[in-house]
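Me: I am new to this structure. Please show it, then take my questions one at a time.

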Amino acid sequence: MKKSCGCKSKFNAVFMKNLEWYLHHVYGNYKRSLFSKLGKNVLEIGAGTGTNLPYYREGTQLTVVEPSRDMLNYFLEKAKDHPLRIYVREGYAEELPFEDNSFDSVVSTLVLCSVHSPVKALKEIKRVLKPGGTFVFIEHVKAPDFTLTAKVQDLVQAGWKWLFEGCDVKRDTGKLIKSFFPDAKYRMVKFNSPFIPVNYHIIGYGTKQPD
Ligand SMILES: C[S@@+](CC[C@H](N)C(=O)[O-])C[C@H]1O[C@@H](n2cnc3c(N)ncnc32)[C@H](O)[C@@H]1O
């Protein structure tokens with residue numbers, strides 16, 4: 001898979017690191033509630049700088065897959081302070097290097113907007129989940145038609161994608177998740193943040209049904 005230039009990768013890692021306080025402020029309560037659904041053996045895709053680390057239960061066995069070395073440097077530094085068993089793999093959600101049915105739960109926060117192929121990533125997430133396992137997600141999504149945010153998304157989509165390494169503000173991620181996890185339960189939440197193009201989010205979880 002194609003990597004972006006080093007300076008953009010560094011910029012995005014520094015950007016996310018400096019945004020952590022804000023991410024805790026906006027998503028903290030949602031994460032505390034959602035992460036209570038996680039099993040013991042968890043995979044997090046696109047773990048970034050490690051913003052989610054404080055929300056995992058003590059004793060969790062956490063595996064992370066993240067393509068950016070710059071993000072991982074911050075992640076590894078932060079991981080030292082958390083009482084979790086952590087395994088880190090540099091890689092992509094579209095090609096998870098794990099056996100079928102390996103994890104109790106998979107976590108994705110603000111990642112499915114950026115993966116090259118959300119369809120491949122979701123297929124992989126489902127493959128590595130154990131039957132009955134839980135997929136937990138918080139993702140920003142395409143705004144409803146005819147809203148101000150939808151207009152702003154039209155205007156900024158291309159530039160945003162370029163600057164934030166493939167992040168697509170108009171992805172209909174809820175529909176995609178439903179196609180892999182038909183029982184997925186989520187709600188659409190609109191934040192009134194200064195980041196207008198990413199104000200609409202889906203927050204929820206789905207279960208891998210046994211075959
Ligand atoms: C906006 S950041 C979110 C980081 C973290 N999940 C959070 O909530 O703070 C998006 C993350 O997805 C990662 N990413 C991008 N493409 C990916 C892919 N194909 N597979 C896995 N992670 C990917 C990026 O490197 C980055 O760390």
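**Ligand and helix contacts**

Reply: This is a predicted model. Around the ligand there are 18 residues, and those that come nearest are G46, E66, A93, E94 and T109.

Me: How far is a polar backbone atom of G46 from a nitrogen atom of the ligand?
Reply: G46 is among the residues that come nearest to the ligand. Its polar backbone atom and a ligand nitrogen atom are separated by 2.8 Å.

Me: Which atom of the ligand does the side chain of T51 lie 3.0 Å from?
Reply: T51 takes part through a polar side-chain atom. At 3.0 Å from that atom lies a ligand oxygen atom.

Me: How far is the side chain of E94 from a nitrogen atom of the ligand?
Reply: E94 is one of the residues nearest the ligand. Here an N or O atom of the side chain is used. The distance to the ligand nitrogen is 2.8 Å.

Me: Are α3 and α5 parallel or oblique to each other?
Reply: Helix α3 covers residues 118–128, and helix α5 covers residues 173–180. Their axes come within 10 Å and cross at roughly 40°. Angles under 35 degrees count as roughly parallel, and 65 to 115 as roughly perpendicular. The two helices are therefore oblique.

Me: Is the crossing of α3 and α5 left-handed or right-handed?
Reply: α3 brings P118, V119, L122, K123 and K126 to the contact, and α5 brings L176, I177 and F180. These divide into 6 nonpolar, no polar and 2 charged residues. The crossing is right-handed.

Me: At what angle do the axes of α1 and α2 cross?
Reply: Helix α1 spans residues 6–34, and helix α2 spans residues 69–79. The axes come within 8 Å. They cross at roughly 35°.

How values were computed: Residues are numbered from 1 along each chain as its sequence is written. This is a predicted model: local features need pLDDT of at least 70, side-chain atom pairs count only at pLDDT 80 or more; totals for chains, interfaces and linings use all residues. Side-chain values use heavy atoms; hydrogens and water are left out. Axes are lines fitted to C-alpha atoms, for helices over the stretch in contact, and angles run from 0 to 180 degrees between N-to-C directions. Helices (H or I, at least four residues) and strands (E, at least two) are DSSP runs, numbered from the N terminus. Angles under 35 degrees count as roughly parallel, over 145 as roughly antiparallel, 65 to 115 as roughly perpendicular and the rest as oblique. A crossing is left-handed if the near helix is turned anticlockwise from the far one by less than a right angle, and right-handed if clockwise. Contact means heavy atoms within 4.5 Å. Ala, Val, Leu, Ile, Met, Phe, Trp, Tyr, Cys and Pro count as nonpolar, Asp, Glu, Lys and Arg as charged, and the others, Gly among them, as polar. A residue is near a molecule or strand if one of its heavy atoms lies within 4 Å of it. A polar contact is a pair of N or O atoms within 3.5 Å; within protein, one must be able to donate a hydrogen and the other to accept it, and residues adjacent in sequence count only if both atoms are side-chain atoms.
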